[in-house]
Amino acid sequence: MPARPRTPERTRTRRGRGRLVAAGLLDQVVIAAANSANTLLGGILLPKGRFGALALALAVGYFATCLNRAVVGDVLLALASRYDGEPRARLVRDGLATALCSGLITTVVFVALWALSPGLGEIDLHQLVWLAPFTVPVMLHDTARSDYLADRRPDKALGIGLVWAGTQAVAVVVMILTHTSSAGGLLIAWGLGATAGAAVYLVRERRLPWRGSPRAWLADTRHLSGWFTITAIVAQVQVLAISFIVAGRLSRIDLANLRFVQTVELQPVQNLITALQSLLVPRASRNAADAAEAGPEGARAALALRRRTRRLVTAFAILGALLVLTVWPVVSAVLVHTRKFAEAAPLALPIALQCAVYLLQVPFTAAMRGMHRARLLFVQYVVFAVVSLSGLTVGAGYAGLHGAAWGLLTGSTASLICMAALYGYALRRLRPPARVEPAPSRVEPSRVEPAPPRVEPPRVEPARVEPGATPRTAAQDGGEPLDGVRPAARYS
């Protein structure tokens, strides 16, 4: 088949798509840098004990943020990309109002945890008080990014992300120059960045979060937000349980070692995965919607979704193998040559393998979210949580922190196998609906107009012709037919 001619319109379209993809990836890099700065700077600037308390507070903060993302952000990403105009604007308004309520509730919970936490032993939640004032802007900013990404405007998401990162960087530099480095200072800098980014979004888009309706949001999106929320609860409880199990069964020092290596190796990969999902899910959602239509168009869309997932699996498998072969020896060598985290060097291999498994799972997850298979995603996360926490507990009991890391890898592998199986099941059920003849429409009796009365043609006796007389013709009767009935009267 001859290649399609490279027209100027086609070239501009490709360049535009390339810019959007680059902006989406760069946006996630910026947000990842803002989120990981707390962990990296905390590991460098703070003693291990205080860094462990910071890591625990961040785990609780990320838990709340991810719950809001499940209720609002992920639903916007999967649902709003199918709409335009006023329906989409109403979804965004209601989503922002829901995020506002979520942030206010989280503020109250954080203050209560700070007031009621004893602050004794290895589990200390006193640092949550520094996060409490900023939960509302953090959740509004996260919802704003989902709005831009669902509308295929990643360049705008990159803009508010740069505002966040820039504001946070200025606050951190001021803290370091004034020699006031602390866990609270890092958390305040993070919150100030989120506040600046959310303010820019609200002013630019002229949106007021309280104009929407959380009740309408929950009613309109319950078919997705309910399962997304339950799935996020399972996933975030698993993440939070890892921190509490490691800190409780082992120590805050072990938690600091684990979180530092995960921040260096795993968190950049997870941020890349989030960026890829924001780019892949809207397109998969449109393909899945087209595939649900009967006829050749639906069959072509289903085939495109299948081929695209297969190509992505191959690409991410190669990327994961290259990541293990390059990142593992580099991170291990760097940790060995540092005195502070040298004992964490053996964690580099299982965590690098975990990164490869997560990358290989990306195409399946994007397709499942695009097909709106929220229940199946919930099943997959339950399997992941049960196997990973079991492996973590057993591994920590037999081999300490190193065994815990290999136990987490076991959970990730089981999650990948389960996700691939569920994707195949969902894809087999993604078929056009059976063609059914439409039922006769039901019409209210009051709306039925009476049929016009049927006009019977007048019966005209044929003219009697006297014997020997000449019959009259139509011309002689002025064009009348011989039977006396006009043609129009035959069909009245």
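This is a predicted model: local features need pLDDT of at least 70, side-chain atom pairs count only at pLDDT 80 or more; totals for chains, interfaces and linings use all residues.
**View 1. A nonpolar surface patch made by I44, L45 and I176.** To join a patch, a residue needs over 30% relative accessible area and no salt bridge, with nonpolar side chains (Val, Leu, Ile, Met, Phe, Trp, Tyr) joined within 5 Å and like charges within 9 Å. A salt bridge here is a Lys or Arg side-chain nitrogen within 4 Å of an Asp or Glu carboxyl oxygen.

**View 2. L45 in helix α1.** Helix α1 covers residues 8-45; helices are DSSP runs (H or I, at least four residues), numbered from the N terminus. L45 counts as partly exposed because its relative accessibility is 34% (buried is under 20%, exposed over 50%, partly exposed in between; 1.4 Å probe, protein chains only).

**View 3. Cysteines C355 and C418.** C355 is buried, as its relative accessibility is 1%, and C418 is buried too, at 15%. The disulfide count is 0, with a pair of cysteine sulfur atoms within 2.5 Å as the rule.

**View 4. The second largest pocket, with about 370 Å³ of space.** Its lining has 20 residues, and A64, L67, S102, I105 and T106 sit closest to the centre. Helix α3 gives the largest share of the lining, 8 residues, while α2 (48-79), α3 (85-116), α7 (214-220) and α8 (222-250) each supply at least two. A pocket is an open set of points on a 1 Å grid over the protein atoms alone, where a 1.4 Å probe fits, with protein on both sides within 12 Å along at least five of seven lines; lining residues have an atom within 4 Å of a point. Volume is the space filled by probe spheres set on the points, which are joined across faces, edges and corners.

**Notes.** Residues are numbered from 1 along each chain as its sequence is written, and side-chain values use heavy atoms, leaving out hydrogens and water. Local features need pLDDT of at least 70 and side-chain atom pairs 80 or more, while totals for chains, interfaces and linings use all residues.

Key
Accessible areas come from the Shrake-Rupley method with a 1.4 Å probe; for residues, only the protein chains shown count as cover.
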